[in-house]
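Subject: Structure handover

Hi,

Here is the structure for you to look through. My notes follow below it.

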Amino acid sequence: MRRYVIIGSGAAGLAAAETIRRKDASGTIILLTGDRHGYYSRPGLAYYLTGEVPEKQLFPYDRNHIRNLNLLWEQSAVVRVHPAEHQLYLEGAKRVDYDRLLIATGATAILPDTPGISLEGVVKLDNMEDARHILRLARRGATAVVVGGGITALELVEGLAARGMKVHYFLRGDRYWSNVLDEEESRLVENRLTHEGVVLHHHTNLIEILGRGGRVSAVQAQEGDRDLRLNCSLVAVAIGIRPRKNLAAQAGLENARGILCNEALQTSHPDIYTAGDVAEVIDPVSGKPVLDSLWGPAVQMGKVAGGNMAGANLIYRKEIPFNVTRIAGLITTIIGQVGSEPAKTPSENDLTGAIMRGDSEIWRQYPDAVVTQTVGGHNRLRLYVRQATLAGALVMGDQQLSGPIQRIVREKLDIRSIHNMLIAPNAPLSDIITQFWRERQPAHAAFGFV
Ligand SMILES: Cc1cc2nc3c(=O)[nH]c(=O)nc-3n(C[C@H](O)[C@H](O)[C@H](O)COP(=O)(O)OP(=O)(O)OC[C@H]3O[C@@H](n4cnc5c(N)ncnc54)[C@H](O)[C@@H]3O)c2cc1C
């Protein structure tokens, strides 16, 4: 009987456990997690912060589902892995033996080394514990400062504003999320935030967090060329994430920014696999290792790693990443290469420009394709058109075309028949895509998601 050990109770860990159990009814599966809340929707934490979703709804599985998987579930942090001995150690020096191991430890928010960063009232948003902590600290009428870019920073801004806080949002550059959104899209988002009462500070660097009695009382910042001091009781930081690869690194497994693995998601030790946010996998298009922080790929990797641990011969082919999310109230689909600035891949030691939660490095790739776009009120459609395929797309606002465009990009459908129409000046992109999609559908299929 094989002993499978999984480290991590996130999207990748659970998907792996389910897959192993389907393939091996009698093997022992031990799931070890440092999170006392177990398995829940991390993307859902944003809606929990705004109060739109109650905590209960973030837990998709009832006790029976977990019980039916027949797992030995232990809430304990793994502190060391010894690959040669097939052993690991938990806090308290307890030893666990394994035949096959999965490291699915996710990623953690990067905190800057700003003076005052460890004061009570400085928060991040990685997990349920963080979300509860933020809600305990959020006070109606009090002032919060949010620092960072990407989706998580915005979720913090919106969550704190929804809880009645006066929010100041510090942006390092001249606009929001400049490596993924274009100028028009950034402005749209920023205008909506301003309308909700959020105060935006461009070209602003946090210099120091000041405290009184161990708690945040103010921040000192540089806004352009002027000094800025703001009284506040909460500072939320979302400047990027770092894969939790320390166990693998200590164990001597090959690693760079994350844990390196082959297409079977096997690490440099054949009995140890990896999956999810901690795994650095090769992008088949660029041939370079890339990081994602996306729920879908984490589940997919968990399935492949779990299957292979149980003796299958599966290959993980990195798909074109996409996310459908809400940015300042606007539902936005981001798929494939949409970068509006040439990408800079951060090194292991310099994570400037590191990815955020709900983000993919692929999106930041600046495609060698013609960009075409239509704008109408709050609705935006931006396409990157190659000769025969769409390299990427961003659909903001009206989502009617989101499903078809996801399919056109991900399945690399041949668009040569509409290429010239798409790149013509002032092309009616929505109509062209709608017509193209309709013609491809069997007569009985409804337009939209299929
Ligand atoms: C606020 C927020 C918003 C997000 N928004 C989106 C979005 O819009 N779209 C999207 O696709 N994705 C989004 N994501 C990202 C998505 O949730 C992650 O990509 C996904 O959860 C990754 O799953 P994982 O299993 O790799 O890691 P995680 O879910 O992070 O799980 C890692 C697990 O490992 C455990 N662990 C770590 N170290 C140890 C140790 N030493 N010992 C034992 N256990 C350990 C942790 O406790 C945890 O259980 C968001 C995430 C957050 C937090």
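Helices (H or I, at least four residues) and strands (E, at least two) are DSSP runs, numbered from the N terminus. Ala, Val, Leu, Ile, Met, Phe, Trp, Tyr, Cys and Pro count as nonpolar; Asp, Glu, Lys and Arg as charged; the others, Gly among them, as polar.

Please note that this is a predicted model: local features need pLDDT of at least 70, side-chain atom pairs count only at pLDDT 80 or more, and totals for chains, interfaces and linings use all residues. Residues are numbered from 1 along each chain as its sequence is written.

Next, the domains. An automatic or database assignment sets their bounds. They are domain 1 (3-107 + 242-309), domain 2 (122-239) and domain 3 (322-440). The C-alpha centres of domain 1 and domain 3 lie 30 Å apart. In domain 1, 10 residues are in contact (C-beta atoms, placed from the backbone, within 7 Å) with 12 residues of domain 3. The domain 1 side of this contact has five nonpolar, one polar and four charged residues.

Now a helix pair. Ile418, Met421 and Leu422 in α10 meet Leu429, Ile432 and Phe436 in α11. The residues of this contact are six nonpolar, no polar and no charged.

Last, the whole protein. Its secondary structure comes to 11 helices and 28 strands. The C-alpha atoms fill a box of roughly 65 × 65 × 40 Å, taken along the principal axes.

Best wishes

Technical notes: Two residues are in contact if their C-beta atoms, placed from the backbone, lie within 7 Å.
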